[in-house]
Amino acid sequence: FGLNYSAVAPVRRNALEFLDSLLYSVHCVVANRAIGSLASLLPNVLNRVGRESKPDEIAWQQTERLDVLILLARRLEVQPLSLAVHRRTVHALRSAMAVNCSAEVRGRAKAVRKVEWDIDLLLFDAVCCREGDFPITSTDDPVGSLHMQSEKQLEELAIALDRRYGTVQEKAQALVEKVKLAYQCRMGPNGFDRVVNFYHRDGALLSALVECIAANVDSQMLAQELSTVLFALHAAKPEEFQARARSIVANGVQHQVLAAACALRVNSDDVTAGDLALLDLYLRFPDARVQRHCLHAIAYMGKKPEVQPLLLRAVMGVEVGGDPQVAVAFVEVFGLYGVRLEQLSATDVAHILAELASVEDLSTNQGRIPSFLSRLTKRFPDQVLQFLLNRIDTEQERRNRGDWSYRAIDSPYAYVSFGEVAANDKVQLVRTC
């Protein structure tokens, strides 16, 4: 049903006036929230199925939209105008160009959107804007319209950066400063990945970005961005990435080591001895998150037969230490794209089961560990059965001491299947039980 506009009109006008006053707040976070609220009024209203808007309803909604455009355009003309508020206002006006806005709103927005895109505004908008944040301007090719706008902006940004800055170090510094501003204004540097991907072949700029972020006083806040750049550098200049990754782990700064660990994964066709040596080095770093990222990388690097023994040796050095998430990452390494189960020996299996023995609940992550054990029973049924029997004994012993945190096999998703074991072997397993 539609609103009784005669009744709510004073309230809505009062709300618009209040939001208009907030546009001039000295706090950019408050002003940006107000801009976002106003921008939400610009698209056409989506009615429930079967309901059609009445002419008077369409008229007052359209009047509100045009009033919002006036408020936003007026804000651009009043100083002081911070970069964050400037960008958010321009973004709101740009959203009015979408196909879900009326033709009149699009026309008015186009008329008032004559913004002088200086390098600071262009760079800050690129850092903050995802490709999906651009307005859909075509019903025939919605995704293509987003991609076209994104690419056009990045090409304009590249030209502007070349004109303003003479060195890659200056470009990197400008990018990092805009990322920090986005965090300070709670806008989020959601477009930083897009910018880095655009420069994925520019190894010099990527190297400068790594140096700039690592040396920044707020480098811990920029850990995600450091990981993004290191991942791109790994593809563009593998040797330099490996040298920097060794330097990072040698320095031992935890958030930088974690960022580098996130970038260790490489295409299985391009795995080198240097990549494997790095994984082995990072797996020994005393941090569970770093170990998990290394194991996730190994799980997709086992395509080449010649790397299988090296991957297995690296994985065998992992210490689970009772951490269920590390244990899950540990067992997921053994699969079609990682370390092949076929190359495991009885000694390897004994080591794996010894590492899993300290995990208190095998049902973590919906039973990934029992699923691995079920696959292991095909070649090593006796060892898996003994492992489960030992868990039952450990559970009973700990419960006798009043500790009920250890669960052997009686938890959701913790069931191990011996269905692939040969019939004759099953008889022997039953006798062992």
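This is a predicted model: local features need pLDDT of at least 70, side-chain atom pairs count only at pLDDT 80 or more; totals for chains, interfaces and linings use all residues.

**Entry 1, a residue in α11.** F231 is found in helix α11, which covers residues 223–236; helices here are DSSP runs of H or I with at least four residues, strands are runs of E with at least two, and both are numbered from the N terminus. I also looked up its separation from G203, and found that F231 and G203 are 28 residues apart in sequence and 12 Å apart in space, C-alpha to C-alpha.

Residues are numbered from 1 along each chain as its sequence is written, and side-chain values use heavy atoms, with hydrogens and water left out.

I placed E239 in helix α12, residues 238–251, and it counts as exposed because its relative accessibility is 61%. E239 and D275 are 36 residues apart in sequence, and I read 9.5 Å between their C-alpha atoms. L336 lies in the loop between α17 (324–332) and α18 (346–356), and L336 is also listed as exposed, at 60% relative accessibility. From L336 to P43 I read 48 Å, C-alpha to C-alpha, for two residues that are 293 apart in sequence.

V29 lies in helix α2 and is partly exposed, with a relative accessible area of 22%. The C-alpha atoms of V29 and T347 are separated by 59 Å, and these two residues are 318 apart along the chain.

I then turned to the second largest pocket, whose volume is about 260 Å³. Of the 13 residues that line this pocket, the closest to its centre are N32, R87, R88, R186 and M187. For the terms, I noted that on a 1 Å grid over the protein atoms alone a pocket is an open set of points with protein on both sides within 12 Å along at least five of seven lines, and that lining residues have an atom within 4 Å of a point. The volume is the space filled by probe spheres set on the points, which are joined across faces, edges and corners. Which helices each supply at least two residues of this lining? I found α2 (28–39) and α4 (83–95). By class, the lining has 4 nonpolar, 4 polar and 5 charged residues, where Ala, Val, Leu, Ile, Met, Phe, Trp, Tyr, Cys and Pro count as nonpolar, Asp, Glu, Lys and Arg as charged, and the others, Gly among them, as polar.

Helix α8 (residues 168–184) packs against helix α10 (residues 203–215) at an angle of about 55°, with their axes 8 Å apart; the axes are lines fitted to C-alpha atoms, for helices over the stretch in contact, and angles run from 0 to 180 degrees between N-to-C directions. α8 and α10 are therefore oblique to each other, since angles under 35 degrees count as roughly parallel, over 145 as roughly antiparallel, 65 to 115 as roughly perpendicular and the rest as oblique.

Most residues other than glycine have a negative phi, and most peptide bonds are trans. The peptide bond from Q79 to P80 is cis, with omega near 0°, and P80 lies in the loop between α3 (55–77) and α4. N365, in helix α19 (residues 364–376), has a positive phi of about 55° although it is not a glycine, and N365 is partly exposed at 35%. Q366 is placed in helix α19 and has a positive phi of about 55° without being a glycine; Q366 counts as exposed, at 60% relative accessibility.

How values were computed. On a 1 Å grid over the protein atoms alone, a cavity is a set of points where a 1.4 Å probe fits but cannot get out, and a pocket is an open set with protein on both sides within 12 Å along at least five of seven lines; lining residues have an atom within 4 Å of a point. Buried means under 20% relative accessible area, exposed over 50%, partly exposed in between (1.4 Å probe, protein chains only).
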